[in-house]
Amino acid sequence: MAGILFLLSAKLIQAQEDAFRYLDLIEKKYSGLKDYMADVNVHFDIEALKAPDMQAKLYFKSPDKMKVDSKRIFFFPKEGGFFNPFQFQKKNFEARVVEHLIYDGRKAVKLKLTPINIDTFNKGSVLTIDVDRNVIREIKILPSEGREITAVIAYGFFDGFDLPVHIKLQLDIPPSEPGGAKEFQFGQGGKRISGKVEITYSNYKVNSGLSDEIFAEKEFPGSRTRPR
Amino acid sequence: MKLFWFEIYKTFSRWRTYISFGFIALIVILTEVVMKLSANEILYRMLRSLEKDFLIFGNVLNGWFVTAFIMNSLHFHIPFLITLVAGDIVSSEATSGTVRFLLMRPPSRSRIIMAKYLTTLFYTTGLVIFLGLICVSLGLILFGNGDLIMNYQVPTIRIAFVPEADVPIRMLLAFAAAVWSMTVVASLAFLFSTLAENSIGPIIGTMAIVIVFFVVGNFPFDFFRTLSPYLFTTYMIFWQRFLDNPIPWQEIAKSAAVLGFHSVGLFLIAFAVFNRKDIKS
């Protein structure tokens with residue numbers, strides 16, 4: 001019995017190590033990426049959100065600083081719309097290989113990541129990684145609070161790095177709870193909100209030495225400016 | 001035309017006419033200053049549902065949004081302020097005993113009632129324009145410019161986004177629609193004014209109808225929902241539709257036609273009543 005348990009746990013550790021190997025390769029590939037900025041265009045195809053395309057400039061500095069600069073109102077999907085190659089850190093997740101597959105004609109592997117912190121909003125993700133290029137091609141955010149989000153990422157090559165040129169998000173989220181009169185409500189009754197958000201990145205500037213000041217939080221009445 | 005200007009002069013010579021303008025200025029200034037001071041709380045309440053799924057950047061609580069927010073009060077206080085003049089314009093002649101002197105003059109009853117009605121419309125338009133000017137100017141000074149996001153409940157709950165460049169013309173159309181809506185309230189009060197011998201009755205009568213229709217039209221029961229299309233108050237919020245994306249022109253045309261039909265109908269009844277009225281004092 002003890003032998004079986006030992007074999008099972010050894011198998012589990014082996015599976016975790018394999019899974020992390022793919023994440024390590026991604027981290028290694030992008031280790032030279034200190035920062036980037038790009039123009040972002042967001043196109044909404046959601047019945048409950050009638051909005052024209054929105055444009056902004058997005059700044060990223062490793063490991064996790066992000067800032068969006070827009071003179072106009074800008075809605076940016078909270079999950080899946082923003083590229084950070086360092087977001088899946090070993091210390092935060094348990095990982096296991098789900099399957100090996102051919103994705104878009106290329107060899108790929110599917111990993112399931114489960115957050116170690118059970119309080120976290122995110123219940124986990126399933127990543128599909130192109131193992132030849134070491135890039136994440138698809139992120140499926142596992143249902144949390146009824147939300148299901150899938151991001152499909154297409155890459156271009158900029159200054160030595162594969163960076164997203166197009167992220168297609170498929171959203172399936174529950175309607176907001178009825179709130180006060182002032183509250184913006186999203187979706188009706190028990191009807192779920194489904195739709196697509198397409199994010200296009202262009203005009204990349206990579207490793208231009210973005211200063212930390214760019215990411216300093218500015219918040220003033222009448223506006224929402226929330227760097228992460 | 002001379003008669004019209006004479007009525008305008010009479011109306012704007014009364015201090016009570018200016019109560020409405022003063023009240024609107026006070027309400028708008030108070031609302032906008034409080035909104036400015038409570039901006040963070042308002043933003044939190046407004047956006048907490050959206051912020052579950054989106055990061056939101058930019059000036060959401062801008063002058064245009066604040067204007068649209070205050071315009072929602074058109075349901076309540078603007079009709080009351082309109083009735084102060086519209087409900088008084090004919091009946092006050094009876095109260096003060098001047099109606100017989102008025103009718104002894106050469107202009108016909110039809111011309112007199114027409115001049116009084118046009119004066120009522122002039123006042124109504126002026127009041128809504130004043131509301132618009134003060135809301136927008138103070139709003140832009142305190143909150144700045146920006147795109148407009150609106151939350152709609154019908155036909156589905158959704159969020160509409162109007163780009164900054166389109167907002168001024170959309171707002172102009174919305175205020176024109178608001179004037180059109182308020183014309184019905186003015187016409188109703190005007191009709192009651194021709195029927196009554198004092199000013200209180202038309203004011204209370206008009207407000208009672210407006211409030212009852214609004215309440216009945218918004219009850220969440222099937223019976224009241226079936227009544228809703230027959231109440232003019234249902235169509236009075238059609239100004240909001242100019243801030244939708246895309247603009248539902250067909251629905252706007254229907255609402256405008258229903259309201260126009262009411263205004264014309266109410267005026268024609270008032271016209272007939274006044275022409276046939278037996279003036280005894």
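# Briefing: the surroundings of Phe190(B) and selected backbone features

Leaving out residues up to four places away in sequence, Phe190(B) touches Ala86(B), Ile89(B), Tyr117(B), Thr120(B), Phe267(B) and Ala270(B) (contact: C-beta atoms, placed from the backbone, within 7 Å). The model is predicted, so local features need pLDDT of at least 70 and side-chain atom pairs pLDDT 80 or more, whereas totals for chains, interfaces and linings use all residues. Residues are numbered from 1 along each chain as its sequence is written, and chains are lettered from A and ligands numbered from 1 in the order in which they are written.

**Chain B overall**

- Chain B contains 12 helices and 3 strands (DSSP runs numbered from the N terminus: H or I of at least four residues, E of at least two).
- The C-alpha trace of chain B extends over about 70 × 45 × 30 Å along its principal axes.
- Buried residues make up 42% of the 281 residues of chain B (buried: 20 or more other C-beta atoms, placed from the backbone, within 10 Å; exposed: 12 or fewer; partly exposed: in between).
- Of the contacts in chain B that link residues at least 6 apart in sequence, 78% are between residues at least 24 apart.

**Nonpolar core**

- The largest nonpolar core comprises 124 residues, and Ile82(B), Leu148(B), Ala189(B) and Phe190(B) have the most contacts inside it (core: buried Ala, Val, Leu, Ile, Met, Phe, Trp, Tyr and Cys joined through C-beta atoms within 7 Å).
- Helix α9 of chain B, residues 167-195, supplies the largest share of this core, with 16 residues.
- In soluble globular proteins, nonpolar side chains tend to be buried together.
- Beyond its neighbours within four places in sequence, Leu148(B) is in contact with Trp64(B), Phe65(B), Ala68(B), Val162(B), Val167(B) and Leu243(B).

- Phe190(B) lies in helix α9 of chain B and counts as buried because 36 C-beta neighbours fall inside 10 Å.
- Asp88(B) is 102 residues from Phe190(B) in sequence, yet their C-alpha atoms are 7.8 Å apart in space.
- The axes of helix α5 (residues 77-86) of chain B and α9(B) come within 9 Å of each other and cross at roughly 40° (axes: lines fitted to C-alpha atoms over the stretch in contact; angles: 0 to 180 degrees between N-to-C directions).
- On the α5(B) side the contact involves Ile78(B), Pro79(B), Ile82(B), Thr83(B) and Ala86(B), and on the α9(B) side Met182(B), Val185(B), Ala186(B), Ala189(B), Phe190(B) and Ser193(B).
- This contact of α5(B) with α9(B) consists of 9 nonpolar and 2 polar residues, with no charged ones (nonpolar: Ala, Val, Leu, Ile, Met, Phe, Trp, Tyr, Cys and Pro; charged: Asp, Glu, Lys and Arg; polar: the others, Gly among them).

**Backbone geometry**

- Most residues other than glycine have a negative phi, and most peptide bonds are trans.
- The bond from Ser62(A) to Pro63(A) is cis, with omega near 5°; Pro63(A) occupies the loop between β3 (54-61) and β4 (65-69) of chain A.
- The bond from Asn245(B) to Pro246(B) is also cis, with omega near 0°, and Pro246(B) sits in the loop between α11 (222-227) and α12 (249-276) of chain B.
- Asp159(A), although not a glycine, has a positive phi of about 45°; this residue belongs to the loop between β10 (147-158) and β11 (161-173) of chain A.
- Asp159(A) is partly exposed, since 13 other C-beta atoms lie within 10 Å.
- Asn203(A), likewise not a glycine, has a positive phi of about 50° and is located in strand β12 (residues 193-206) of chain A.
- Asn203(A) is exposed, with 10 other C-beta atoms within 10 Å.

Methods. Two residues are in contact if their C-beta atoms, placed from the backbone, lie within 7 Å.
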